There are 2 protein chains.
Amino acid sequence: MSLKRKGIQAEREIIHMLWERGWAALRVAGSGSMQFPSPDILAGNRLRVLAIECKVSRNDKKYFLKDEIKQLNNFSSYFGAESWVALKYYREEWRFINTEDLRETKRGYCISKDVAKIKGLLIDELLQLSK
Amino acid sequence: MSLKRKGIQAEREIIHMLWERGWAALRVAGSGSMQFPSPDILAGNRLRVLAIECKVSRNDKKYFLKDEIKQLNNFSSYFGAESWVALKYYREEWRFINTEDLRETKRGYCISKDVAKIKGLLIDELLQLSK
């Protein structure tokens, strides 16, 4: 399976989990290729809006480009959304990490599997947060 | 140009207009083909969220399938969005019509060019509405 295909499948998995829990969720077309900032997924439940960037990782450390996170935060500030990164490690559940919890490096941001498991929320924890 | 391509171009035109006016807007991937309801475009400005279905028409009357409008309203009620139809007639400006202003027919909904021009809002009128 191509990387792009795997990415789409991962996004669909999250969208399913969100609808199952009563949230409306959608995949964004051409995210990453449009001239305007946009997340991979947008979800809402009348009270909160979540802008989510998805990543599947087989490595212990996951890196994000500075611009990737900047664009996510930029989109969220215009739309009125919360910025989250969804991380899926092999044979682990999805972890949701607020962009403020990513560690800044010279070239971007980084998070390790250990930190993701400590600071990252499971989907039900994410959705139960109050605004 | 294929119909699909024309549809995407029309959606992009609206997305440009929205960003120019300080709204965050995105195209939805696979709208119409996903198992979950979704609009063509979603836009937000921290206070309001607009779920928009786009149509370009050369005919005087524009028809919508019952299910198309039902799904749009369904998505909006879960997400917490307003449901709008964007209509573009040849050599005319985009008109935005609230789904409540579509006339119900046996098989779906209908709007004529005349009614669209009377009841439809121009984009600046749409964005200036208070919630």
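Which residue is the bridge partner of E104(A) in β8(A)? In this predicted model, where local features need pLDDT of at least 70, side-chain atom pairs count only at pLDDT 80 or more, and totals for chains, interfaces and linings use all residues, that partner is Y109(A). Residues are numbered from 1 along each chain as its sequence is written, while chains are lettered from A and ligands numbered from 1 in the order in which they are written. The points below take up the relation between the chains, the sheets, the core and selected loop residues.

- Contact is made between 20 residues of chain A and 20 residues of chain B, two residues being in contact if their C-beta atoms, placed from the backbone, lie within 7 Å.
- On the side of chain A that touches chain B, at least two residues each come from α1 (3-20), β1 (24-27), β2 (41-44) and α2 of chain A; helices (H or I, at least four residues) and strands (E, at least two) are DSSP runs, numbered from the N terminus.
- That side of chain A comprises 13 nonpolar, 5 polar and 2 charged residues, where Ala, Val, Leu, Ile, Met, Phe, Trp, Tyr, Cys and Pro count as nonpolar, Asp, Glu, Lys and Arg as charged, and the others, Gly among them, as polar.

**The three-stranded sheets**

- In chain A, 3 strands in the order β4-β8-β7 form an open sheet with antiparallel pairing; strands pair if DSSP finds at least two bridges between them.
- The edge strands of this sheet are β4 (61-65) and β7 (103-104) of chain A, each of which pairs on one side only, and β7(A) is joined by 2 bridges to the antiparallel strand β8 (residues 108-112) of chain A.
- Helix α2 (residues 66-79) of chain A lies across β4 and β8 of chain A and runs at about 70° to β4(A); axes are lines fitted to C-alpha atoms, for helices over the stretch in contact, and angles run from 0 to 180 degrees between N-to-C directions.
- Chain B likewise has an open, antiparallel sheet of 3 strands in the order β4-β8-β7, in which β4 (61-65) and β7 (103-104) of chain B each have a single partner strand, so one side of each is left without a neighbour in the sheet.
- Strands β7(B) and β8 (residues 108-112) of chain B pair in the antiparallel sense over 2 bridges, and R103(B) has C110(B) as its bridge partner in β8(B).

**Buried strands and the nonpolar core**

- From strand β1 (residues 24-27) of chain B, A24(B) and L26(B) point one way and A25(B) and R27(B) the other way, all of them buried; a residue is buried if 20 or more other C-beta atoms lie within 10 Å of its own, exposed if 12 or fewer, and partly exposed in between, with C-beta atoms placed from the backbone.
- Over 4 bridges β1(B) pairs with β2(B) in the antiparallel sense, and the bridge partner of R27(B) in β2(B) is I41(B).
- The largest nonpolar core has 69 residues, of which I41(A), L42(A), A51(A) and I41(B) touch the most other members; such a core is a set of buried Ala, Val, Leu, Ile, Met, Phe, Trp, Tyr and Cys residues joined through C-beta atoms within 7 Å.
- Not counting residues up to four places away in sequence, the residues that I41(A) touches include E11(A), I14(A), L26(A), V28(A) and C54(A).

**Loop residues**

- R46(A), in the loop between β2 and β3 (49-57) of chain A, has a phi near 80°, a positive value in a residue other than glycine, and counts as partly exposed with 15 C-beta neighbours inside 10 Å.
- Most residues other than glycine have a negative phi.
- N45(A) is in the loop between β2 and β3 of chain A and, leaving aside its neighbours within four places in sequence, is in contact with G22(A), W23(A) and G80(B).
- Y90(B), in the loop between β5 (82-89) and β6 (95-98) of chain B, counts as exposed because it has 9 C-beta neighbours inside 10 Å.
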